[in-house]
Each structure stands twice: as C-alpha cells, then as structure tokens.
Amino acid sequence: KIEVFDTSGRIVWDTATQNVSTNGIIVVDWNLCGNGGHSLTPGIYLYRCTIVFDEGTRRTASDKLIIISD
C-alpha cells in the first residue's frame, strides 16, 4: 500500500497493489492527481509504503516527496 499525505497529515492519494516482482522492484503509475482527480499543487508531501509479505511480516518506509511545476 502507498499513501501520500499533505503537510497537515491528510491522505491526498493512496493505492494498494498485488503486483509481485521477481527482482524486488514494483512500479506504480501515478499521474500526480489526488484521490478526487484534481492535480496536486507543487509542494512537499510525505509518503508511506507498506509491504506485507506472505508470512504476514510487515515492512514500512516513509519519506518526503517534492512535486515541482514544469
């Protein structure tokens, strides 16, 4: 599961995928729009990725994401 938050802590976009990769890389397409379909404004966002393995082990990573205008 991938969740993207604004700086107030609100989820602006999230997705869950069942894709499994043999090389450890999972690619998720995202058009930089929020869950409501609107384009996210340039700025700093936070993201959290959670992976659940077959045996139930859960790994979570989070960091900053910067959206810039073109």
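Is tryptophan 30 buried, partly exposed or exposed, and what is its relative accessible area?

Reply: Tryptophan 30 is partly exposed, with a relative accessible area of 23%. On this scale, buried means under 20% relative accessible area, exposed over 50%, and partly exposed in between, with a 1.4 Å probe and protein chains only. Before going on, some ground rules: this is a predicted model, where local features need pLDDT of at least 70 and side-chain atom pairs count only at pLDDT 80 or more, while totals for chains, interfaces and linings use all residues. Residues are numbered from 1 along each chain as its sequence is written, and side-chain values use heavy atoms, leaving out hydrogens and water.

Now for the ring partner. The structure holds 1 aromatic pair, and it is stacked because the rings of tryptophan 13 and tryptophan 30 have centres 4.6 Å apart and planes at 20°. For the cut-offs, rings of Phe, Tyr and Trp (its six-membered ring) pair if their centres lie within 6.5 Å; planes under 30 degrees apart count as stacked, over 60 as edge-to-face and the rest as tilted. The pair links distant parts of the chain, 17 residues apart: tryptophan 13 sits in strand β2 (residues 11-15), and tryptophan 30 in the loop between β2 and β3 (43-52). Tryptophan 13 is buried, at a relative accessible area of 11%.

The C-alpha trace spans about 40 × 20 × 20 Å along its principal axes, and 17% of the 70 residues count as buried. Among contacts (heavy atoms within 4.5 Å) between residues at least 6 apart in sequence, 32% join residues at least 24 apart.

What about the cysteines? The structure holds 0 disulfides, a disulfide being a pair of cysteine sulfur atoms within 2.5 Å. The sulfur of cysteine 33 is 19 Å from the closest cysteine sulfur, in cysteine 49, so the two are too far apart for a bond. Cysteine 33 counts as buried, at 12% relative accessibility, whereas cysteine 49 counts as partly exposed at 24%.

How values were computed:
Helices (H or I, at least four residues) and strands (E, at least two) are DSSP runs, numbered from the N terminus.
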